[in-house]
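Here's a quick tour of a protein model, one topic at a time. Keep the 3D view open and find each piece as you read.

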Amino acid sequence: MNIIMARLPLTGSIIALLCYLMWWPMQAQADEEGMPEAGMPDEWVQEVVTDEFADMLAELATASFPRKVELVNTLQLRGWPGVRDALAGLLEGELYFSQEEQPEGIRVYVVSGREGDFTLLDPVTQQTEQREALSGLRRITTNNPLRRNLRGAVARFDLLDESPAVRRQAVAELRRGLDSDAILLLRERLVTETHRGVTRDIEVALALYDLESSDAEVRLTALEVLSGELGNDVYNRVQRLLATDASGEPLEPDAAVRHMASLAIDRIEQRRSFFGFLETLFFGLSFGSVLVLAAIGLAITFGVMGVINMAHGELIMIGAYTSYVVQLLMPNHIGVAILVAVPAAFMVSGLVGVLIERGVVRFLYGRPLETLLATFGISLILQQLVRTVFSPLNRQVQTPDWMSGLLRFNDVFAITYNRLYILIFMFIVFALLWLVMHRTSLGLKVRAVSQNRAMARAMGVRSDRIDALTFGLGSGIAGVAGVALSLLTNVGPNMGQAYIIDSFMVVVFGGVGNLWGTLIGGMSLGLGTKLVEPHVGAVMAKILMLVFIILFIQKRKQGLFPQKGRSAEGH
Amino acid sequence: MKAKSLISKIAGVCMTLSAAFGMTATHADTIKVGVLHSLSGTMAISETTLKDTILMLIEEQNRKGGLLGKKLEAVVVDPASNWPLFAERSRELLQRHNVDVVFGCWTSVSRKAVLPVFEELNGLLFYPVQYEGEESSRNVIYTGAAPNQQAIPAVDYLMNEMGIERWVLAGTDYVYPRTTNRILEAYLKSQGVKDEDIMINYTPFGHSDWQSIVADIKRFGSAGKATAVVSTINGDANVPFYNELSNQQVSAEDIPVVAFSVGEEELSGIDTRNLVGHLSAWNYFMSIETDQNAEFIKNWHAFIGDTSRVTNDPMEAHYIGFNLWAQAVEKAGTTDVDKVRSELYGLEVPNLTGGTATLLPNHHITKPVFIGEIRADGQYDVVWQTDGEVPGEAWSRYLPGSRDIKADWVELNCGNYNTKTGKCSGQNY
């Protein structure tokens, strides 16, 4: 109010004040019409409107959280042009206010852009300006209840958005807090809506609201619309129709409605358990794919060459750090960086692998215990090296946008993109490795050396070189696995230790020296764990898996796919 | 990585190594400060920072002229995240190096491991990390939060301010989460929360596949009642947990997660853009604007030579602990453990968030409690705080066995006095 008085000339201010007071009770109506009330000069109204808007934003800047919620709820009902910008900005944490004293008081801006090149939008005047730094500006803070409110508020505007996806999101948002206001908006939208998905969503929302109706017919029709919907809110709401009060009397008076509701619930539960099973299956496959990825390099070094390589986990870690470094080098192309990181990690880990083989392991062939101890020592050295060079803190590998998010099939079944990509990636890596082992001369020589070293040498294979290359290949694959794992878990000096046990388990279970064994072994261990986990918990699931493998190995010493032929006796 | 910083790091490692072997030049006229933090192994991720914090505080104190006219000298040892080694190293510090005070430990297991050594040799340990309580040793000063200074206020906030009715207590399977969750469960039930509205979930150390658990949490949270996760998940398991949350699009507005072991430093390894709004409860946040905090951050950046490094709650605890000890030494005029200890009671030093920390007779301190929401930049917005400082309680009043036990080293000279039987249990802690 003070600001209005100060800014207008004296006579103007009195008139404006009168207008303001007259306008106040009328504004609700005016807003519904979407235009200012006639009867006074347009520019004055404009002035008062912008001033009121500016005042509210200024108050928003420093208000307490409950007060902010009130302000947002008031703002969202006004049809002022900049309201959506301001609310969406606040939601995204992009709304700033000026701290320094200015003649016109606190100013609020929607800030976008990055360091050195910021764009400031004044939602009140809709004017933009450029700035290099945000000195003197402070972000307006939000908390969870406020953001929940803001989402609802922004959804009201998004209902008119051009993109159907945004509109569906908006309807979903409005469904969380259905009040008569939201219903009015949805009904209005339903008339003009052309997209089938959005129409269906709105119908469901309206039906949910209709369940509150006192007319049993209306409730029945609503239930018809809702049957087959999987959404949690639908399920919970329909479930409530079946509830009874303390004396055992059903809360829903109409028997037909109750019958219909119990049918609907049965159908929903059936479909839910079906999709729940699909979900578990996918979790199992995805966990299995991680196990296979981690183990597949070991299937080469341990499985084919017979080297107990305790530094395998650290080779995975080196791959993960490579992916971190590549991202550092290409900060503006996170999506591409991941793709670049795959060959880079293969090279780096492969090279380290070759060094380990040439430097240590080759002197220890045929001495498994010494190899175990030596490679364990190497793993400690590598860990401490990384700790020294990169610090012991975890490093952050960003997930590219195309890998984040959910592939949503319906309300209860969705799979995460990164898991899906990693599953596919695992199959690609496996296929490539299989091709290398079975369709190239290197693979042929590798198999020849591992099956009968002396004979292979007699045939002119340089077994030394093949050993180094094989170890490098296995290590390189471990590095590639590291890139995939860097997107799932923490990139730190200890990350390798988390995978070494699992990797050995998979290789031993699958059958030493058999790539297919590693694939099937890893996948079945993953599936088994995930099928058991919901019933017994994660700690017990892990124990059960270990017990199962111990028992299995007792029965079948060679694992799932034992090696046949002469090399089998050689081990 | 620039060659120069690499060299300086290698030099740093050599220095800590030489310190670890006790080869630093020792002068008779110095006061020795033991630093018992893991510099290698799993816990190095958290503890290295605390070692640096103490070194910084010592450097500052020496610049001010030291204590009692003597310079302070740090004796750094590396217990390598190995619990038995913690006991050996603390014996080495107390017997071979004759340190006057020790700042150290992170995990509760390591603290339990060194406890007998400190009590046998009458040392003085400042322990800077939030922990499960149920302990008060004559020889340990607990500068981190007890459950009533972190867990209980956080649950109160969720219940009263956010209207949470359904609770997931998720933790790593070891002593701190188990005890904290026992206290929380008892507390929630005393507040009228029903059994079916509490889900308790434990996971192994370093658990990395969170798909099923996050899906379970989503399912548990879809019953139409406001649901929150109280997380005592420790260390490295947090990164895949938060990643899975953001991938499965569990937003803080639907199911907020409040964590007791995740702070600025842990977040620096996570992409936080999708975690905005998830909560942490601490007694300090780097983003809190006070003059002391600004200066502390400035000094830290200058000392560590990297302005991107963050500060966190256990660092503040060391700051408070160090200042408490320094003041007590000045007052006592000696570094003798018993004399320093008797000067410590009731001492007040400023904390970094604008209030003061007072050392209580139960060896805990008073602390303000803050609830912060994660921001996109990995820092926290404080959304709630206690009116003043909350005194730390060694023994929880919500657990049946611990309710009657009192710790008071001034009047009772006992850390576990049973008010029912009127006896001190005889153990020192």
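This is a predicted model: local features need pLDDT of at least 70, side-chain atom pairs count only at pLDDT 80 or more; totals for chains, interfaces and linings use all residues.

**Strand β6(B) and its neighbours**

- Seven of the seven residues of β6(B) are buried, so the rest of the structure largely encloses this strand.
- On one side, β6(B) runs parallel to β7(B), and six bridges join the two.

**The whole sheet in chain B**

- Zoom out and you'll find seven strands in an open sheet, in the order β7-β6-β8-β9-β10-β14-β15 (chain B), with mixed pairing.
- β7 (198-203) and β15 (380-385) of chain B stand at the edges with a single partner strand each, so one side of each has no neighbour in the sheet.
- Neighbouring strands in this sheet are turned by 25° against each other on average, ignoring direction.
- Helix α6 (residues 175-190) of chain B lies across β6, β7 and β8 of chain B, and runs at about 165° to β6(B).

**Two packed helices in chain A**

- Two packed helices are described by the angle between their axes and the distance between the axes.
- For α11 (residues 232-241) and α12 (residues 255-304) of chain A, the angle is about 145° and the axes are 9 Å apart.
- The crossing of α11(A) and α12(A) is left-handed.
- Residues making the contact include A:Val234, A:Tyr235 and A:Val238 of α11(A), and A:Ala261, A:Ala264 and A:Ile265 of α12(A).
- Sorted by class, this contact has nine nonpolar, two polar and three charged residues.

**Aromatic rings**

- Over all chains, the structure holds 30 aromatic pairs.
- One of them is A:Tyr321 with A:Tyr324, an edge-to-face pair at 6.4 Å centre to centre and 90° between the planes.
- Both tyrosines lie in helix α13 (residues 312-329) of chain A, three residues apart, which is about one turn of the helix.
- A:Tyr321 counts as buried at 3% relative accessibility, and A:Tyr324 also counts as buried, at 10%.
- Now compare B:Phe103 and B:Phe126: their ring centres are 5.0 Å apart and their planes sit at 20°, so this pair is stacked.
- This pair links distant parts of the chain, with B:Phe103 in strand β3 (residues 101-104) and B:Phe126 in strand β4 (residues 125-127) of chain B, 23 residues apart.
- B:Phe103 is buried, at 0% relative accessible area, and B:Phe126 is buried at 0% too.
- Back in chain A, ring pairs link A:Phe274, A:Phe275, A:Phe409 and A:Phe413 into a cluster.

Technical notes. Residues are numbered from 1 along each chain as its sequence is written. Chains are lettered from A and ligands numbered from 1 in the order in which they are written. Side-chain values use heavy atoms; hydrogens and water are left out. Two strands pair if DSSP finds at least two bridges between them. Helices (H or I, at least four residues) and strands (E, at least two) are DSSP runs, numbered from the N terminus. Axes are lines fitted to C-alpha atoms, for helices over the stretch in contact, and angles run from 0 to 180 degrees between N-to-C directions. Contact means heavy atoms within 4.5 Å. A crossing is left-handed if the near helix is turned anticlockwise from the far one by less than a right angle, and right-handed if clockwise. Ala, Val, Leu, Ile, Met, Phe, Trp, Tyr, Cys and Pro count as nonpolar, Asp, Glu, Lys and Arg as charged, and the others, Gly among them, as polar. Rings of Phe, Tyr and Trp (its six-membered ring) pair if their centres lie within 6.5 Å; planes under 30 degrees apart count as stacked, over 60 as edge-to-face and the rest as tilted. Buried means under 20% relative accessible area, exposed over 50%, partly exposed in between (1.4 Å probe, protein chains only).
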